[in-house]
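Trainee: Could you show me how to read a helix and its surroundings in a model like this one?

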Amino acid sequence: MINAVHISDHDADPPRQGCRASRFSVVGVVLRVFVAAIALVGLGTTALATDESASLATAVGELSPNVFPSDRHDASRKSLSRDLHARIQAANDASRAVWSKIDTLEQWRRFRAEHVEHLREGLGRWPTVPANIRRRVTGSIAADDYVVDNIVYESRPGLWVTANLYRPANPPAASAGIIISHSHHAPKHQRELQDMGATWARAGCYVLVPDHLGHGERGQHGFAAEKDYPQAFRVGRQDYYFRYDSSVQLYLVGESLMGLMAWDLMRGVDVLLSQPNVDRNRIIMLGAVAGGGDPCAVAAALDKRISCAVPFNFGGPQPETRYPLPEDAETSFNYAGGGSWESTRNLANSARSGETFLPWEIVAAIAPRRLVYGHEFSWDRQRDPVWKRFERVWALHDAAEHLEFAHGRGDLKSSPPAATHCNNIGEEHRKSINEALQRWFDIDAREYRVPRTTNGTTAMTAAAAEELKPRKLYELLRDTADESLAAARKQRGDMSPYEIRRSLRADLMRLLGDVEAAPADVTAVERTTFEFGGGVNAERILIKTSQGMELPLLILSKEGRDPAPRPAVIGLSQSGKAGFLADAAAGIARLVEAGWAVCLADVRDTGELAADDSHGQFSTSTDRAATALMVGDCLVAQQLRDARTVLAFLRKREDVDSARVAVWGATFAPARAADTNVRVPRRSDDRPRDVEPLGGLLALLLAVCDDSIAAVCVDRGLLSFRGVLESEF
């Protein structure tokens with residue numbers, strides 16, 4: 001059986017703002033409870049504080065945590081990034097190999113159907129398409145030859161989208177419908193968006209400009225102006241930065257930010273089609289630079305009602321891409337992209353082996369419908385391998401005339417007028433778009449500038465909010481989580497503890513994928529042993545995982561008269577071996593004095609294998625985690641495999657009793673008080689340091705995967721995953 005001791009502050013009020021660590025911060029207290037738990041399972045040892053252990057604790061605290069030689073430190077910290085980059089490259093190579101064999105339209109159609117299905121599955125759970133879209137016009141502004149309706153529409157129960165609908169004052173019998181997916185720079189009230197809405201409305205079109213989730217009126221954080229927080233912060237970037245929080249919360253319940261954004265846009269198509277004069281054969285979706293093109297392309301790939309898509313900066317070279325492209329761009333171009341905190345740029349499972357839906361594949365899925373391939377700055381048409389693929393795909397459909405492009409000049413680092421920077425879609429970019437729309441849809445647009453004094457774009461008025469009672473995203477997701485938890489508890493209600501663990505293990509394995517340990521013949525590839533006082537030995541060991549990753553271990557044990565195998569404990573923490581040596585030396589010394597082997601292990605992205613000490617939104621660790629999601633092998637699953645490899649290695653040792661191995665997961669980040677204010681803008685100096693619950697999570701997962709783990713200690717782990725849904729933060 002497993003004795004699990006979770007050290008937490010059970011008497012405190014439940015967390016009200018996200019998740020927090022418990023206030024138990026003295027590792028010595030934790031260790032005493034830990035050792036008591038070990039005694040309960042008959043491991044046959046006790047660990048009491050003695051003068052000798054105090055002396056040993058000092059020596060332990062002075063040990064260097066480093067196992068890799070100094071000339072290999074830099075390489076060890078980059079090993080995970082190298083592995084992930086290799087897997088991204090493998091996805092690019094595989095995609096290129098499949099593409100090279102597509103010679104017929106039928107082959108392309110099979111390819112498209114398969115990859116669009118991968119896309120749909122990768123975006124997570126989808127709600128049921130509503131039979132009727134609830135919507136309200138909350139105000140209107142009459143202008144020259146057009147009208148602006150401020151409207152709200154319900155994309156899913158309780159989640160309302162705020163939007164502006166620009167429509168002709170005297171609409172023709174059949175009007176084109178246009179929906180614009182704005183950038184992360186600015187929502188629906190931005191000048192370029194107003195100009196586009198008015199321009200095309202005056203040309204006889206209905207133009208819907210909705211706010212994306214988290215932006216404009218749909219902001220989730222409350223930091224819309226300088227007055228909203230006492231310290232200085234970047235007001236204009238908070239909508240963008242807080243996409244991270246929304247994305248994490250959506251992932252938690254099995255959805256995705258990209259999926260939700262695309263869903264909102266598709267419900268916007270419903271709104272357009274509900275207008276009496278809109279021609280369903282002329283539905284056009286534009287995706288702005290800087291993140292607006294991504295959901296535009298995804299929505300168009302999934303929704304065949306969209307007749308034409310104009311995604312900017314998605315599918316091929318990005319503003320950050322080298323210009324001009326190299327001669328070998330066909331083989332060297334990174335079609336998959338790379339991971340970062342911005343989840344709409346690196347979709348989960350998009351580069352998974354055998355199941356890809358790379359950006360170019362998403363855009364190409366729009367064929368044979370009309371496409372304007374957009375670039376904010378200069379574009380190397382001659383060498384762009386993605387453009388060549390588009391030309392081939394549209395040619396297979398005998399629809400080459402349905403393919404166009406738009407681009408600007410200069411590059412990301414240049415300033416106007418040398419470079420065509422814009423917040424959404426600039427006037428220069430719109431020239432090519434207007435030419436294509438006139439040829440394809442008979443839209444004769446003349447650029448119009450909305451007077452700068454005109455605004456009035458607010459859609460969710462106080463009266464509308466009182467009537468409709470819109471809810472925040474976290475509230476809806478919290479309800480979803482509660483429903484899932486209730487169903488799981490009901491399913492497991494009559495199970496025994498063993499059956500519950502077996503059921504949980506099966507569910508986790510479906511979620512995490514491959515978490516098997518390394519082969520049974522795992523051995524140390526490097527080992528050094530030295531004695532540092534009182535008969536205590538320290539071993540610095542490198543073991544190699546089945547994927548070739550080297551894991552550094554530090555094993556401390558005391559020579560004894562009894563040759564019988566001893567109990568052992570594996571220590572896991574986000575800060576790795578260094579955290580244990582600096583903050584848990586006394587507890588380690590007591591265990592060693594009591595006859596234990598203490599194995600401190602760095603799994604990937606921790607300790608010596610971490611890129612740096614940061615694990616927040618803008619860290620290398622987050623980039624790695626996002627890339628791991630892209631390749632379909634989440635970072636926690638990789639770390640769990642590493643922990644199981646360490647366990648397999650430890651059990652092979654002749655001096656360790658394989659039936660008496662415990663696991664200790666800890667965090668050494670400063671404890672957070674229950675009343676800590678987490679309602680703080682992103683990239684503010686006032687933000688509290690993130691908690692580090694990885695050690696405790698890995699300890700629990702390791703015990704769920706292995707019935708032979710004798711005892712578990714979680715020191716300051718998460719109280720619950722559901723706590724992540726207690727607020728917007």
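Mentor: Gladly. Buried means under 20% relative accessible area, exposed over 50%, and partly exposed in between (1.4 Å probe, protein chains only). Helices (H or I, at least four residues) and strands (E, at least two) are DSSP runs, numbered from the N terminus. This is a predicted model, where local features need pLDDT of at least 70, side-chain atom pairs count only at pLDDT 80 or more, and totals for chains, interfaces and linings use all residues. Residues are numbered from 1 along each chain as its sequence is written, and side-chain values use heavy atoms, with hydrogens and water left out.

Trainee: Which residues of helix 12 are buried?

Mentor: They are P385, V386, W387, R389, F390, V393, W394 and L396. An α-helix has 3.6 residues a turn, so residues three or four places apart point the same way.

Trainee: What do the buried residues of helix 12 pack against?

Mentor: Contact means heavy atoms within 4.5 Å. Their partners include helix 3 (73–99), helix 4 (105–122) and strand 9 (370–375).

Trainee: What caps the N-terminal end of helix 12?

Mentor: D384 does, with a side-chain oxygen 2.9 Å from the backbone nitrogen of V386. After helix 12 comes D398, whose phi is positive, near 55°.

Trainee: Is Y251 buried, exposed or partly exposed?

Mentor: Y251, found in helix 7 (residues 243–252), counts as partly exposed because its relative accessibility is 30%. Leaving out residues up to four places away in sequence, Y251 touches S256, S343, A348 and L629. The C-alpha atoms of Y251 and A348 are separated by 9.5 Å, though these residues are 97 residues apart along the chain.

Technical notes: Polar contact = N/O pair within 3.5 Å; in protein donor to acceptor, adjacent residues only side chain to side chain.
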